[in-house]
Amino acid sequence: MRFSKMLIPTMRESPSDAETVSHKLMMRAGYVRQFAAGLYVFLPLGWHVLNKINKILEEEMNSIGAQEISMPILHPADIWQKTGRWHEIKEEMFRLKDRTERDMCLGMTHEEVIAWLASKEIRSYRDLPQIWYQIQTKLRDEARPKSGVLRTREFTMKDSYSLDADEEALDKSYKLHADAYHRILRRCGLKFYQVMSDPGMMGGATAHEFMAPSPAGEDRIELCDECGYTANVEIASSVSPPTKEIEGEYEEVYTPGKKTIKEVSDFLNAELPHFIKSLLFIANEEPVLVLIRGDQRLHEKKLEKIIGLCRAASEEEVLSILGVEAGFIGPMKHRLRILSDNSLAHGTYIAGANRVDYHIKGIRPDIHFKAEWHDLHTVKEGDTCPECNSLIKIEKVIEVGNIFKLGTKYSVLLNAVFLDKSGSERPIVMGSYGIGPARIAAAAIEQNHDKDGIIWPKSIAPFDVEIIPLNVNDTATMEVAELLYRGLKDNNIGVLMDDRDERPGVKFKDADLIGIPLHIILGTHALKDDQIEIKKRRTKEIKKVPIKYAIKEIISAVYETE
Ligand code: ATP
Ligand code: MG
């Protein structure tokens, strides 16, 4: 393509609302334009990148025997009502009515449609296994559509679904997908981890996410370099370093007006891990007292897995249920369900005295209070691995893909059954697998850029090389430029030629911003010596090569580039 004919509206400044690097650079380099909140136009360069990623997705899906289909985006509500998700999913689902006032929604994901299709088309165990996939638009009214194309309200997803006769066969389909996702993300040039994750609204049992490490990520994962344990902090466990033993008897101390753990710890000159934080929750209209260590944060999702949906009690509820105001609650002498984080199982602690302006020192678990012991804390740096006890790391990551074992939830509810070898009817065992091309593109930029712009991994760059003739009014220069342009295209190399009549400085700046991996510079001086320059965008290394070998040299540079 010729730059002068292509819509590449580069900008010197990034828009003021752009926070992440990929958002800024995709805007500045002319890859996307924001149409409305969470809605983006992909300009030609951006579209090239998405198509390259989609091609990798198709190749890898086809290689595991998946069959491409296309399902509607508009769904009648009844199918979502049958699986319960019409009610379970809240504002994130776009809902509308058709002309007959029938409830409809826009597809956020396609488990329902797949189970419907399977209920019609799968009869016997001989029809299994199946893997069906599509690269299709999804619509979700995201709470915070921000960070450019990392989180939009309309996006394409490669979603695939496996249909199997039993759990063992599902394990195989799951493994095929996990391996395919490894190949996809490696081919796209991303650094990533496969981590254990929370099945969430999918409602299955096992799930993994594919996470690209980046400060722009909204997720955090726990990693153990020693044994390889990796999990999303939403489900990760860790061992908190044990609290140092402190001397002291069980005694009440006067702590006037000191309510927060920080205030009391300063006042008593004691460290945070020596405190018990007592928090009152209401689940199913019953009060539950939850205890965690002073240096920890409660993990509400872990709590909800044990007591179901719950909420923090109001100040009035705390007073009426516990008889003391929040800030002075302790775990002693209450007749209600008490759940405690495992890290409080040993040691001596300080907590509220259940009396205003007083705390108690020397509290020992099992002696001064009884509790059900659970993992309730949010993991943090300084904790150790639950498997091997080595120090863990916490990293910010972008979720680029995920895989779920769904089991039979959807097939039971939508009657997707098959006849097994003995002629009995059984529900199909399903898996669901999603990956987002736009997120992959943005994550690739987050991981591959410098102060001047994007540095695309070769496999997903919009073009392989950019030819930069520095003086388009010089006939000799343009002869060489055209020669290279045609020669490279004939060899199936993707070429962008900057044929604009612009100053060299402008062309170099734009080329660095756009981030094509190789720049072929045609300067009048070098051309006089029958030479051209091949510049690597990533390292800025320049190699001079004679014109007569230029095409061969450029092609080998393309193959060498990562
Ligand atoms: P998140 O937790 O980030 O909201 P999710 O768990 O909702 O993601 P899935 O429903 O499993 O994501 O979708 C599969 C993939 O689709 C994600 O891994 C991501 O690559 C992509 N994706 C999901 N939501 C969005 C979005 N709002 N914008 C762009 N891509 C998305
Ligand atoms: Mg989501």
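A residue counts as buried when its relative accessible area is under 20%, as exposed when over 50%, and as partly exposed in between (1.4 Å probe, protein chains only). The structure is a predicted model, in which local features need pLDDT of at least 70 and side-chain atom pairs count only at pLDDT 80 or more, while totals for chains, interfaces and linings use all residues. Residues are numbered from 1 along each chain as its sequence is written, and side-chain values use heavy atoms, with hydrogens and water left out.

The buried residues of α6 are A169, L170, S173, Y174, H177, A178, A180, Y181, I184 and L185. After α6 comes G189, with a positive phi near 80 degrees.

Next come the pockets. On a 1 Å grid over the protein atoms alone, a pocket is an open set of points where a 1.4 Å probe fits, with protein on both sides within 12 Å along at least five of seven lines, and lining residues have an atom within 4 Å of a point. The largest pocket holds about 1600 Å³ of space, a volume being the space filled by probe spheres set on the points. Among its 48 lining residues, E92, R140, E142, R151 and E399 are the closest to the centre. The lining of the largest pocket comprises 17 nonpolar, 11 polar and 20 charged residues, where Asp, Glu, Lys and Arg count as charged, Ala, Val, Leu, Ile, Met, Phe, Trp, Tyr, Cys and Pro as nonpolar, and the others, Gly among them, as polar.

The second largest pocket holds about 360 Å³. Its lining has 14 nonpolar, five polar and three charged residues, and β14 gives the largest share, six residues.

Strand β14 also belongs to an open sheet of five strands, ordered β16-β14-β15-β17-β20 with mixed pairing; two strands pair if DSSP finds at least two bridges between them. At the edges, β16 (310-312) and β20 (372-374) each pair on one side only. Within the sheet, β15 (residues 286-293) and β17 (residues 337-341) run parallel and are joined by four bridges, and L291 has S340 of β17 as its bridge partner.

Terms used: Chains are lettered from A and ligands numbered from 1 in the order in which they are written. Helices (H or I, at least four residues) and strands (E, at least two) are DSSP runs, numbered from the N terminus.
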